[in-house]
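Morning, everyone. I have one structure to go through today, and I will take it piece by piece. Here it is on the screen.

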Amino acid sequence: MMKFKRVLCVLLGLMLVVSTLSPGIASGNRKERSSPANVTLSEIAELSDQSAKQLMQEAMEQFDALPEPQDTPQNHKRTEYALFEMQAAVDGNFETNNSIKSSEFFDHSLNSINILEKDPQTSSEQKDSVINLVISANRTVIQNLLKLLDSNMEMFDKKEQKLLENAHKDYEKGADFEAKNNREQSIHFYKRAWTSAQELKEKAKRILDSDGDNLLDEIEKELGTDPSKKDSDQDGLLDGFEVLQQYTSPLKKDTNNDGKPDGQEDTDGDKLTSLQEQQAGTNPVLKDSDGDGLDDHFETTEFGSSPILKDTDHDGLDDGGEFHAGTDPHNRDTDRDKLYDGLESFTQTFTEKESGALLEITGEGDLATAVRMANVSEQVIFQDIPGAVSDFIDISVDREIEEAKVKIPLEKSDVPNSDIANVKLFIYDKEKHTFTPLENQKEENGYLIAETNKFSVFTLIYTPERGEAQNGSGVKATPEGLAYTILNDPEEADTDGDGLTDEEERSYGTMVYYHDTDFDGLDDGIEMDMGFDPFERNADGDSFDDEEEYNNDTDPDIYDKEWTDYIQDVLAGATVNEFASTLVDWGWMDQETYDSVGFLIGQLVAGYLAYGDIVEAAAEFTQADVGAGLFALFGFVPAVGDIAKTVEKVVNFVKRAPKNLITATYEMILKNFADQPKLLSAVLDAITGGASKNLRDMGASDKMIAQLGKNGNDLKRIAKLTKAKFADETLETAQKALIDKRIRDHWGTGLNGRKRAEAFGTEAAIWYYELLGYKLLYAQRDKDPRVKARTGPDVIMKTPDGELFIIEAKGSYSKNGQLNDGKKRGARLASRVGGQYRLYLSREWLTTNSERYMDKFEDAIRNNTISKEEKEAYDLLKDVIDNGASYKSSVVYGGIRDAKSVIEAGKEMDDYLENILKDSDTIDFILIHSI
Amino acid sequence: MTGKIQVDETKLRQKAEFLDSMGLKSWSDFEAYARCLVYFSEREKASAYFLEAADKIERPLAVFEKNNPNEHSRLKLVQANYYRLAGERERSRVQYEQLAGELEDRLNNGTRDASLFSHLSYCHFFLQNYEKAIHFGKKVKEWNPVSVGFSEGILLGDQERIQETLDDLISEIQKEKSLPYYTGAEVSLWDWYEIGKELSQAVR
């Protein structure tokens with residue numbers, strides 16, 4: 001009878017929990033409050049639409065943005081300690097975004113507020129803003145917990161209900177004090193309320209999870225594990241640990257059949273078995289659970305710091321930094337000068353392994369994350385530097401520093417006559433293409449050493465060979481000093497060999513004299529071609545820089561989780577399925593997991609595949625192939641039948657997922673349904689609210705529609721642009737042969753990838769429109785002997801009705817082509833003209849400084865070499881520029897080689913098309929894939 | 001940087017000769033010719049050509065008046081610059097003032113665009129409302145309107161800021177390979193260059 005009652009309670013509880021997942025929780029509006037004096041009790045009672053974790057994060061960000069104090073306070077009165085307290089409140093303490101593990105959260109929050117309040121150098125307004133966020137976070141934690149308990153009141157007996165009532169009273173007192181601006185008392189009562197409520201939460205969890213293995217009884221029934229046994233398969237690991245953390249089967253002692261029980265596996269290779277990880281509370285699939293740069297094993301057995309706290313002593317220097325700096329991870333102030341270790345300056349040395357070059361650098365905190373060194377000796381631009389006697393080392397430091405010394409090994413045998421006295425350490429100016437010697441150099445222990453406060457490429461140059469430099473063709477030594485300026489070879493279109501011509505680099509704003517403007521390891525040409533940002537090393541700010549994203553085949557503009565997060569999301573979707581919201585509420589699962597695309601994938605796959613099979617498939621994944629492997633799971637989703645079921649799940653997900661995940665959903669749809677036309681079509685129809693039908697009528701393929709969605713475009717907005725047309729063509733063999741011939745005739749042979757892609761884009765555009773009856777008047781072709789414009793319209797044609805038709809032709813050759821828009825650096829559909837970015841094909845782009853291309857037509861007119869068609873093109877353009885005549889336009893994007901199957905419409909195309917239609921009568925957007 | 005940039009007079013002569021041979025018909029022809037004359041030190045004649053350009057640009061303005069407000073206001077800016085270059089200060093001021101009002105109205109109606117902010121900054125620079133020129137110019141995230149650097153230099157009497165802006169401008173002219181007779185810009189890079197040189201001497 002008792003058991004029956006408990007089950008009834010659970011079911012009732014579950015129903016209530018589900019019913020409370022109402023918009024009230026998820027999207028309560030946070031009111032802007034200008035000052036604490038304005039806070040009313042009713043405002044306080046509203047739930048924030050930000051989670052407690054986000055509020056703390058925002059508080060820390062606001063703190064970081066505070067102006068530097070004019071006078072440095074005494075060591076023990078530093079305001080930064082407030083930030084360290086906020087970090088301590090968060091570090092290792094959140095089990096989900098609104099749920100905390102211990103009451104220390106409130107203590108650290110209060111400490112931070114007290115420090116801030118006493119700081120005389122920060123204005124009240126600035127302080128209040130940060131403090132309000134911290135208090136809001138504290139309130140949000142208890143508000144969410146009380147709401148959860150209220151909706152599960154039936155689970156508690158009378159005594160427990162009384163405890164809940166008291167918790168409410170304490171919360172109300174806290175809110176009352178908050179409204180009166182008594183911060184200390186408000187946090188005191190919020191903490192008291194939380195302590196009582198947490199006791200009840202633990203009690204409820206014991207009911208929902210009767211064996212205490214961190215897996216809901218209901219889920220255990222679903223999966224087939226024993227709800228009364230903590231470890232159903234007796235491998236030493238709790239069922240919940242296996243399902244939610246280790247990703248092994250709780251029904252099989254040795255999930256991957258390697259002869260070793262799951263508890264003895266060391267999945268993350270950190271020398272701790274899964275069982276040891278379970279005991280230590282660390283993450284069994286991450287070497288470094290707390291992300292402080294030190295492995296779990298090293299922290300627990302050697303260094304002695306906490307493997308689950310990034311900064312064990314909360315002194316602002318994380319454990320990795322303490323190790324590098326040689327300080328005590330358990331002592332905030334290792335040298336006892338009343339200044340926390342996180343504010344001390346340390347000297348650290350970094351090495352570029354290939355050359356042995358060293359950087360000795362002094363600055364606040366751990367500099368390891370701020371320093372990057374790379375050997376760039378292979379770059380074409382450094383091949384002919386006369387007298388260079390060392391490698392070329394590029395160094396960047398993304399932090400303010402106090403001092404730095406560069407030390408480059410000096411090999412006597414590399415220097416003519418061992419004349420090392422005439423070897424100098426030079427720094428390269430990437431903008432001016434110049435090497436300048438650093439001051440105050442000395443030779444010591446086989447290194448040439450110089451101090452520097454600027455960072456770029458460093459090298460050693462034997463200076464007596466300057467004479468050779470001056471006589472040589474490519475280098476000029478300046479009259480004063482020892483600087484070298486490398487002169488441009490006017491015939492060389494791409495000086496730095498990064499795949500972009502100098503002309504293009506000037507237009508995009510990338511460096512003409514350095515191959516990798518953002519120093520992320522990817523040449524500018526590749527970044528531009530793939531739609532990456534050549535100015536940001538890590539465009540989406542995730543844990544992978546652009547080079548890693550390139551190698552992993554992921555999108556540099558979409559935040560990527562750690563690979564384990566993906567697995568977790570998928571398995572969570574496959575296992576907890578309909579119980580997900582309950583898990584989120586009780587703090588067993590993060591809202592982000594519930595709202596992730598991986599979760600949706602898991603849910604979808606679970607419909608077709610047994611849980612054990614999914615776990616076994618996941619067990620095969622490694623970090624390297626997780627992207628491909630994860631999506632390969634979709635091979636299990638049948639191509640026919642059950643379409644309605646799949647569509648329904650996707651639609652439900654899209655309805656509840658946060659907006660930023662919608663683009664990721666499109667990506668998932670593209671990756672998984674592209675080869676299932678019926679399913680793709682049905683999903684697009686269901687999630688685009690009718691826009692996909694209009695877009696199809698405008699000529700767009702389903703793949704194109706999904707690509708536009710994936711790249712964040714507003715499909716409904718594009719669907720309203722009735723004068724826009726789309727096409728997505730794949731060439732047949734004969735068509736490709738025709739275009740190849742045209743490339744040979746008009747561009748030559750032996751073209752590099754970039755040039756060939758450009759030629760293909762241009763010739764494919766001409767081919768496409770000639771088939772529609774358009775007449776070619778002019779094209780920017782390499783072998784064109786008459787008009788030699790390198791800027792302005794790529795192709796000019798005349799429509800069958802005699803109207804001017806202007807084409808912007810683009811081509812890609814690498815594995816992830818994408819066209820992005822935006823009047824900004826790096827966008828491929830805008831260029832800098834007259835000091836501003838202007839959209840290709842817009843009137844201002846055609847009209848401003850039109851002489852940049854019209855002069856070339858005029859040269860041909862002057863020399864009498866212009867053809868009849870070119871003259872017609874010139875006259876029509878003149879009419880547009882001078883008289884405001886109308887024109888039509890098109891963007892044609894061609895893909896060859898690795899890009900042929902992946903070229904796509906990129907970001908902000910909605911803006912681009914809408915803007916061009918203000919100027920041009922029509923705009924086409926055509927993708928042409930080679931075979 | 002030296003703060004100076006070499007003008008290729010041969011190219012200017014070539015352009016003027018071409019325009020002479022074809023006959024001047026449109027606003028861009030007159031503007032290009034006027035700009036050549038400025039560098040041939042024929043200021044007075046240049047003024048007349050700028051005024052002719054201002055007159056001829058009415059034709060596309062009439063086309064855009066109803067259906068293309070962006071391009072209409074952009075060409076109005078170009079026209080106001082012609083008046084300024086022709087020495088018609090009052091006419092130029094009135095047009096900048098009127099344009100600033102129109103652009104601010106569009107801003108108030110919700111239009112948010114880098115060009116709009118940039119144009120507003122230009123208008124206020126020439127109206128000598130330097131604080132407003134800075135205010136609107138700083139809203140442009142995608143590029144640094146020249147008007148901001150010069151306005152800051154003027155307001156603070158900061159010679160270094162003006163020189164820095166002038167150096168950036170020279171670098172921009174070199175990067176774009178822009179020639180002095182290029183037409184159709186709201187304010188040509190070469191106009192800003194001349195303004196910068198004057199400011200540089202005035203503040204010094």
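Start with a helix pair in chain A: H6, residues 104-118, packs against H9, residues 183-208, at an angle of about 175 degrees and with the axes 10 Å apart. An angle over 145 degrees counts as roughly antiparallel, so that is how H6(A) lies relative to H9(A). On the H6(A) side the contact includes Phe106(A), Leu110(A) and Ile113(A), and on the H9(A) side Ile187(A), Tyr190(A) and Trp194(A) are among the residues involved. By class, the contact residues are 6 nonpolar, 2 polar and 5 charged. Keep in mind that this is a predicted model.

Next, the sheet. Chain A has an open sheet of 5 strands, ordered E3-E4-E7-E11-E10, with antiparallel pairing. E3(A), residues 345-352, and E10(A), residues 441-444, are the edge strands; each has a single partner, so one side of each has no neighbour in the sheet. On average, neighbouring strands are turned by 20 degrees against each other, ignoring direction. Inside the sheet, E4(A), residues 357-364, is joined to E7(A), residues 403-409, by 5 bridges. In that pair, Leu359(A) sits opposite Val406(A).

Last, the interface. How much area do chain B and chain A bury between them? About 3,000 Å², with 44% of it on carbon and sulfur atoms. Phe18(B), Trp143(B) and Tyr182(B) supply 19% of what chain B buries against chain A, more than any other three residues. The contact involves 37 residues of chain B and 31 of chain A. There are 5 salt bridges across this interface. Arg832(A) makes a salt bridge to Glu172(B), with the closest N and O atoms 2.8 Å apart.

Notes. Residues are numbered from 1 along each chain as its sequence is written. Chains are lettered from A and ligands numbered from 1 in the order in which they are written. This is a predicted model: local features need pLDDT of at least 70, side-chain atom pairs count only at pLDDT 80 or more; totals for chains, interfaces and linings use all residues. Side-chain values use heavy atoms; hydrogens and water are left out. Two strands pair if DSSP finds at least two bridges between them. Helices (H or I, at least four residues) and strands (E, at least two) are DSSP runs, numbered from the N terminus. Axes are lines fitted to C-alpha atoms, for helices over the stretch in contact, and angles run from 0 to 180 degrees between N-to-C directions. Angles under 35 degrees count as roughly parallel, over 145 as roughly antiparallel, 65 to 115 as roughly perpendicular and the rest as oblique. Contact means heavy atoms within 4.5 Å. Ala, Val, Leu, Ile, Met, Phe, Trp, Tyr, Cys and Pro count as nonpolar, Asp, Glu, Lys and Arg as charged, and the others, Gly among them, as polar. Buried area is the accessible area (1.4 Å probe) that two parts lose on being put together, summed over both. A salt bridge is a side-chain nitrogen of Lys or Arg within 4 Å of a carboxyl oxygen of Asp or Glu.
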